[in-house]
Amino acid sequence: MINKIPKDVNESQWQAICHDGSHLLIVAGPGTGKTHTLTYRIARLAEQLNVGQRILSITFTNKATEEMQKRLEKKFPGIESRVCVTTFHGFCLQLLRDHADLNHLPKDFKVATPEEIDLLIKELWMDKSAGERKNILNDISRYKALVTKDSGVCLDQYNSFLRARGFIDFDDLLTQALNLLQHNEETLKQTQLSYPFIFVDEYQDINPIQHELLKILVTDNVHITAIGDPNQAIYGFRGSDVRFFESFVKDFPQAQKYFLSENYRSTANLLEASTQVISKNNFGVPALTAHLYDQGQLTIYEASTDKAEAEYVVHQIEKMVGGTSMFSQDSNRVTNDQKADYSFGDIVILYRLNALRNILEKAFLRSGIPFQVSGNKPHACDDPFVRQAEKVNLMTIHAAKGLEFPVVFMIGCEEHLLPLCLPGLESDHEEERRLFYVGMTRAKEKLYFTRAQRRALFGKISHPAPSIYLEDIKEELKQYEKQEHHSKFNSAKNEAIQLTLFK
């Protein structure tokens, strides 16, 4: 029984954990112990279940599902039999399998992978280009997610083609599950009885069809606990709609709202700076309070070119880890007695577009720094003194959501990139500000903003001004570093030394 406040729970978290009797929305900013709070609340409500009932805990990714399962099992052994932790798609798939006689789908249907979809539509639309096929699929996906009312002209043809081969796509999982619940009252009642408590993580990221699924499942006798942060709503381009977060109390009457505002991740200066940036977006979310009292370091660096920007990042990392090889020492980039403050795995480089990564990768390969691109295989040098288990992380800001690192570099902090505004890549400025905030709040101790005075991108040369978001941070929180200058002799010498490392 969880009947008194645990030592690892603060007062705000405890209030949310103990809430009873109605629906609940928990507004939890970055680093406030969101998953920790959910874990305790799930365990507490699991004590109220009747025989045959379970808690339904919905996440957005398989990784988040695994994380929640591990937390629950470690903290509360044996609880897994009373909790179903899954994604929206996983829940809908199981519902359709359990009611195969009612769902009007091919017997033993298969969910087509993206690779299988590509092969199928090549066969279906042989006369269309890859770009045209991609646009058609995007229109169909947005229609199935209820984001738009226009499906285009190919929906029926596409669905029939898949069904004839025993396939449905990922979007069909949600549309068919919703259809099943809407048109079969017995199935709906049975599902509601089985899951009296529903939890939804990252509620700011739900899309219209996910919202409809929750609306039909939740009743006066089925209570929903939603948790998230509207300031981290960054998936509008996928159909997510932050307005559902704002309308939660109207959608689920008598709902209560609690706030988690004590931040356990970032140092005081970094937290204050991120608050100054996000305060321009008004969601009525209280400012976060730093639990860590170290000041932290926020550094701004303006390089002459994008290549110089990448070299600056490499140089800073080498200093932090105490040098990666004899190359670092021979080129006077670090000294023999340089103290290692961080390991490679403590560091992440974030960028708005993957197009910025190429120059970074080249600089890392020249330096011998081991690195890994999010979701890709790791790269490492031949230096036996480097711990191969540790790599610097390279990823888009979107990919970094939910992660944290002692050291964060955000490159390309300049106009046209943050906020993104390039031909064919226009974006919503409020969401871009939230994205910048997400990047900032990944940092625990050190945060670097870098930009280039001259950048080559998509075959064009530009001379961009600094990102407007940097202007929102008060000067007393900023630390500026001057441009580094290296002679041609040193550059040639460094390249020669580096080449010997790979012979």
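This is a predicted model: local features need pLDDT of at least 70, side-chain atom pairs count only at pLDDT 80 or more; totals for chains, interfaces and linings use all residues.

Colleague: In S17, which residue is the bridge partner of Phe 405?

Modeller: Start with the general idea. Strands of a sheet pair through backbone hydrogen bonds, either parallel or antiparallel. Two strands pair if DSSP finds at least two bridges between them. Strands are DSSP E runs of at least two residues, helices are H or I runs of at least four, and both are numbered from the N terminus. Here, Phe 405 has Ala 443 as its bridge partner in S17. S16 and S17 (residues 443-452) run parallel, joined by 5 bridges. Between them the chain passes through helix H17 (residues 429-440), a right-handed β-α-β crossover. Right-handed means that, with the strands pointing away from the viewer, the path from the first strand over the helix to the second runs clockwise.

Colleague: How many residues of strand S16 (residues 405-410) are buried?

Modeller: Buried means under 20% relative accessible area; exposed means over 50%; partly exposed lies in between (1.4 Å probe, protein chains only). In S16, 6 of the 6 residues are buried, so the strand is largely enclosed by the rest of the structure. S16 also runs parallel to strand S12 (residues 347-351), with 4 bridges. There, Val 348 is paired with Val 408 of S16.

Colleague: In what order do the 6 strands of the open sheet lie?

Modeller: The order is S3-S2-S6-S7-S1-S8, with parallel pairing. Strand S3 (83-87) and strand S8 (256-260) are the edges; each has a single partner strand, so one side of each is left without a neighbour in the sheet. Within the sheet, 4 bridges join S6 (residues 197-200) to S7 (residues 223-228).

Colleague: Which residues of helix H7 (residues 155-164) are buried?

Modeller: Leu 155, Tyr 158, Asn 159, Phe 161 and Leu 162. They span an arc of only 160° around the axis, which puts them on the same side of H7. The arc is that of the directions from the helix axis to the C-beta atoms. Exposed Asp 156 and Ala 164 sit on the face turned away from the buried side. After H7 comes Gly 166, with a positive phi near 80°.

Notes
Residues are numbered from 1 along each chain as its sequence is written. Side-chain values use heavy atoms; hydrogens and water are left out.
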